[in-house]
Amino acid sequence: MSRIGKKPVPVPQGVTAQVEGQTVTAKGPKGELKFVVNDEVLVKLENDAIAVDPRDQSKDARSKWGMSRTQIANILQGVKDGFEKRLEINGVGYRAAMQGKNLQLSLGYSHEVIYEAPDGISISCPKPTEIVIAGIDKQVVGQVAAEIRKKRGPEPYKGKGVKYADETIVRKEGKKK
C-alpha cells in the first residue's frame, strides 16, 4: 500500500485546481501547469483537496498511485512558489556568466561552453562560481541542472567541476611516491 498516495493533496491559497477526466490543471501566481494522470489511477477534487486512488489492486496501478500524487503535489507547489536548483563551480579559471539568455561556461576546455535555457526556465549567476536555475516545473528544473552539471562533472581527486550546492564530493587520495 502506498503511504504517500493515501494522503490527499491540499490545494494551497491563491491556486485554482481543476480535474477534468484524467487531466489535472493548476493555475497560480507563477503560471499554469497540466498533468495527465495514468488511466490506472482515479483522481477526484473534493473540498479543496485532490484525492488519488488506484482503480484496482494490481501491482501496476499501485505503483503509479504514489507517483501520481507526488506529481500533482509538485505542480501545485510549482505554480505557487516555483522550484530552484543551485550549482557551484570549483576549479582554477572555471566560471560562468550570462550572455543574454544563454549561459556561458569556462570549464577548462579549449572553447567556451554555451548552454541555451529552455522556455520557462530562468538561469542567473549571482557570482562567477554560482549558478541558480529557477522555474515552475520541477522535472525541467532538475533536468537543466543535470545537463549543466554533465558539461564538467566533479572529479574526486581535486574536486574540480560543476556540482550541486548541497552535494558532497567524496575525495580520493592521490598517488603516493
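Let's start with one residue. Lysine 44 is partly exposed, because its relative accessible area is 30%. On that scale, buried means under 20% relative accessible area, exposed means over 50%, and partly exposed lies in between, with a 1.4 Å probe and protein chains only.

Some ground rules. This is a predicted model, where local features need pLDDT of at least 70 and side-chain atom pairs count only at pLDDT 80 or more, while totals for chains, interfaces and linings use all residues. Residues are numbered from 1 along each chain as its sequence is written, and side-chain values use heavy atoms, with hydrogens and water left out.

Back to lysine 44. What does lysine 44 form a salt bridge with? Its partner is aspartate 53, and the closest N and O atoms are 3.1 Å apart. A salt bridge here is a side-chain nitrogen of Lys or Arg within 4 Å of a carboxyl oxygen of Asp or Glu. Aspartate 53 counts as partly exposed, because its relative accessibility is 30%.

By this rule, the count comes to ten salt bridges. Let me show some others. Lysine 64 pairs with aspartate 60, again as a salt bridge, with the closest N and O atoms 3.1 Å apart. Both lie in helix α2, four residues apart, about one turn of the helix. Helices and strands are DSSP runs, numbered from the N terminus: H or I with at least four residues for helices, E with at least two for strands. Aspartate 60 is partly exposed, because it has 34% relative accessibility.

Next, arginine 149 and glutamate 167. Their salt bridge has its closest N and O atoms 2.7 Å apart. This pair links distant parts of the chain: arginine 149 is in helix α3, and glutamate 167 is in the segment after β13 (161-164), 18 residues apart. Arginine 149 is partly exposed, because its relative accessible area is 23%.

There is also a network of salt bridges. It links Glu84, Arg86, Lys127 and Glu130. Keep two of those in mind for the strands: lysine 127 stands opposite glutamate 130 in β12.

Now the strands. Two strands pair if DSSP finds at least two bridges between them. β11 and β12 (residues 130-135) are antiparallel, with five bridges. They belong to an open sheet of four strands, in the order β11-β12-β7-β13, with antiparallel pairing. The edge strands, β11 (121-127) and β13, each pair on one side only. From one strand to the next, the twist averages 25°. The axes behind that angle are lines fitted to C-alpha atoms, for helices over the stretch in contact, and angles run from 0 to 180 degrees between N-to-C directions.

Strands β8 (residues 95-99) and β9 (residues 102-106) run antiparallel, joined by five bridges. Alanine 96 stands opposite leucine 105 in β9. Their hairpin has two residues between the strands, and glycine 100 takes a positive phi near 75°. β9 also pairs with β10 (residues 113-116), antiparallel, over four bridges. There, leucine 105 stands opposite valine 113. This second hairpin has six residues between its strands, and glycine 108 in the turn has a positive phi of about 85°.

One last stop: the lining of the largest pocket. Which elements each supply at least two residues of that lining? They are β4 (32-36), α2 (59-80) and α3 (138-150).
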